Amino acid sequence: MAAKKTFGWRKQDGIRLAVIAWFVTCWWIGADRATIDLQPFLTAAWPDAQTFEELDGDSYRVLGGEDEVLGYVTTGTASGYGGPLTMAISMTLDGVVESVAVVEHRETPSFFRTVVDSRFLAQLAGKTNQDPIVLGEDVDGYSGATYTSLGMTQSVHRAARGIATDFLELEVPPVKRRIVFGLPEIVLILLFTIAVSRRRIKGKLSKVLRWTTLLGGLVFLGFLFNSPFVLAHINMVLIGYWPEWQTHIFWYILIIGLLLFKATDEWNVYCYDFCPFGALQEIAATIGGAKPKKLRWSKVLLWAQRLLTVAAISLALIYRNPGLSSYEIFGTAFALEGSNFQFALLAIILLSSLFLYRPWCRHLCPLHKNATEGLFDNSRRIARTAWQKLAKKPSLA
Amino acid sequence: MAEAGEKTKPGVGATLWSLLMIVCLLLVVAHLVQAVSQDTSSEEDLIRSTFTTVAEEYSL
């Protein structure tokens with residue numbers, strides 16, 4: 001009887017299937033988008049060149065008068081915070097990176113613009129085949145957008161090594177496989193551990209621990225690291241952009257931790273226990289005495305939140321850009337980055353939080369259970385039932 | 001847990017809060033439209049705005 005209830009067709013299953021089919025269509029449309037055109041970079045980097053001889057998909061030999069080789073151009077790609085970045089470089093015959101430019105990026109727009117405006121790229125032009133071109137060694141990262149600056153540095157590093165070894169046969173320093181594991185990763189593991197442990201405790205201690213993780217999330221994931229969980233993370237998984245684990249351990253802990261918890265427990269550990277923007281709203285609620293209120297047209301608001309989430313994910317899939325539709329105002333709150341619309345939104349939400357309990361989470365956030373539960377609950381239910389059936393099955397041995 | 005203690009009959013205040021949330025939804029839509037229109041700008045614009053050389057910043 002229970003199994004029938006679990007696997008039986010429900011009214012919502014039709015909507016769920018339609019949404020999944022729509023996402024597949026969006027993914028397919030996005031896969032068909034055009035490839036990178038390097039022509040603007042080639043002419044900018046080598047204005048006096050006579051010919052650009054294509055060597056493979058994204059590498060060129062630059063020829064001057066009488067077919068004299070002037071240098072080479074190629075691209076390198078690496079992961080930023082919200083998606084991959086592709087940079088083109090031009091290199092002279094003596095191994096100097098003469099010019100660099102971003103030719104395609106799927107980075108969160110606010111992070112991208114901040115790093116570009118900081119003239120970070122000026123550090124990368126002028127590097128040679130002898131330089132390590134590694135963030136933290138000979139390149140200074142940009143605080144508040146570390147993953148963006150890391151992605152740009154790695155892209156140039158890969159492109160420079162490619163030209164130096166494949167075309168110029170120059171020596172390059174050995175690659176050190178650096179595993180990035182520091183304070184952000186330690187804090188994230190701690191937050192998960194405390195939040196999970198708290199679930200087994202009741203009473204005042206549980207409340208104290210919850211406020212500890214909330215404030216920890218606010219300070220560390222919010223203000224210090226500016227690395228909250230965002231829709232771009234889900235989009236990256238759906239599109240298939242899996243960053244290098246060595247440099248994105250934080251990303252993997254966050255994604256795997258949340259998926260594991262979602263699959264095994266009803267509790268939304270991130271939202272309730274250490275979301276930094278949730279913490280900000282709860283502090284405002286404590287100050288203003290906000291309570292959960294039932295709003296008018298609550299069903300309309302609920303479906304608007306869901307539709308917004310579906311639209312945002314669809315845009316990311318079509319444009320192959322995980323960060324494009326990540327409309328959250330977390331970066332606006334913690335790093336003062338974002339569009340004018342986001343700043344207006346932030347002001348309204350923070351003021352409303354004094355009177356309404358977590359208005360962003362309950363009515364707008366694409367990561368809240370209101371927006372996603374209809375989509376993922378069934379899979380969780382099926383996975384759990386299957387697991388329980390498997391666990392109950394007697395061993396064949 | 002968050003939903004515990006919700007009032008069941010929405011009043012005038014609830015209508016005004018709902019309208020404010022609808023304004024917020026419209027702001028999100030406006031932001032998305034702006035983000036998409038910026039994303040569809042040409043590769044040449046992207047290269048122009050990020051192009052950096054050893055000697056000096058170069059304009060296409």
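Reader: Between which two helices of chain A does the loop with A:E169 lie?
Author: This is a predicted model. A:E169 has a positive phi of about 50°, although it is not a glycine. The loop that holds A:E169 runs between α5 (146-166) and α6 (183-198).

Reader: Is A:E169 buried or exposed?
Author: Count the C-beta neighbours inside 10 Å: A:E169 has 7. The cut-off for exposed is 12 or fewer. A:E169 therefore counts as exposed.

Reader: Which strands flank the loop with A:E66, and is A:E66 buried or exposed?
Author: A:E66 is another residue other than glycine with a positive phi, near 55°. Its loop lies between β2 (59-63) and β3 (69-79) of chain A. With 6 C-beta neighbours inside 10 Å, A:E66 counts as exposed.

Reader: How are α6(A) and α9(A) oriented to each other?
Author: Helix α9 spans residues 249-264 of chain A, and its axis is 9 Å from that of α6(A). The packing angle is about 15°. Angles under 35 degrees count as roughly parallel. The two helices α6(A) and α9(A) are therefore roughly parallel.

Reader: How many residues of the contact of α6(A) with α9(A) are nonpolar?
Author: From α6(A) come A:P184, A:E185, A:L188, A:I189 and A:F192; they meet A:I249, A:F250, A:I253, A:L254 and A:G257 in α9(A). One residue of this contact is polar and one is charged. The nonpolar count is eight.

Reader: Which strands stand at the edges of the open sheet?
Author: The six strands have the order β1(A)-β2(A)-β3(A)-β4(A)-β5(A)-β1(B), with antiparallel pairing. Each edge strand has a single partner, so one side of it is left without a neighbour in the sheet. The edge strands are β1 (51-56) of chain A and β1 (52-53) of chain B.

Reader: Which residue stands opposite A:F52?
Author: β1(A) and β2(A) pair in the antiparallel sense over five bridges. The residue opposite A:F52 is in β2(A). That residue is A:V62.

Reader: Which residue of β1(B) is the bridge partner of A:V100?
Author: Here the sheet joins the two chains: β5(A) pairs with β1(B) over two bridges, in the antiparallel sense. The partner of A:V100 in β1(B) is B:T52.

Reader: At about what angle does α5(A) run to β3(A)?
Author: α5(A) lies across β3, β4 (84-92) and β5 (97-105) of chain A. Its angle to β3(A) is about 140°.

Reader: Which element gives the most to the side of chain A that touches chain B?
Author: The contact takes 49 residues from chain A and 37 residues from chain B. On the side of chain A, elements that each supply at least two residues include β5, α4 (109-117) and α12 (298-318). By class, this side has 34 nonpolar, eight polar and seven charged residues. With seven residues, the element that gives the most is α14(A).

Reader: Is A:I349 buried or exposed?
Author: A:I349 lies in helix α14 (residues 340-352) of chain A. It has 27 other C-beta atoms within 10 Å. The cut-off for buried is 20 or more. A:I349 is therefore buried.

Reader: Which residue of chain B does A:I349 touch?
Author: Leave out residues up to four places away in sequence. In chain A, A:I349 then touches A:I329, A:P359 and A:W360. The C-alpha atoms of A:I349 and A:P359 are separated by 6.6 Å, with the two residues 10 apart along the chain. In chain B, A:I349 touches B:C24.

Key
Residues are numbered from 1 along each chain as its sequence is written. Chains are lettered from A and ligands numbered from 1 in the order in which they are written. This is a predicted model: local features need pLDDT of at least 70, side-chain atom pairs count only at pLDDT 80 or more; totals for chains, interfaces and linings use all residues. Helices (H or I, at least four residues) and strands (E, at least two) are DSSP runs, numbered from the N terminus. Axes are lines fitted to C-alpha atoms, for helices over the stretch in contact, and angles run from 0 to 180 degrees between N-to-C directions. Angles under 35 degrees count as roughly parallel, over 145 as roughly antiparallel, 65 to 115 as roughly perpendicular and the rest as oblique. Two residues are in contact if their C-beta atoms, placed from the backbone, lie within 7 Å. Ala, Val, Leu, Ile, Met, Phe, Trp, Tyr, Cys and Pro count as nonpolar, Asp, Glu, Lys and Arg as charged, and the others, Gly among them, as polar. Two strands pair if DSSP finds at least two bridges between them.
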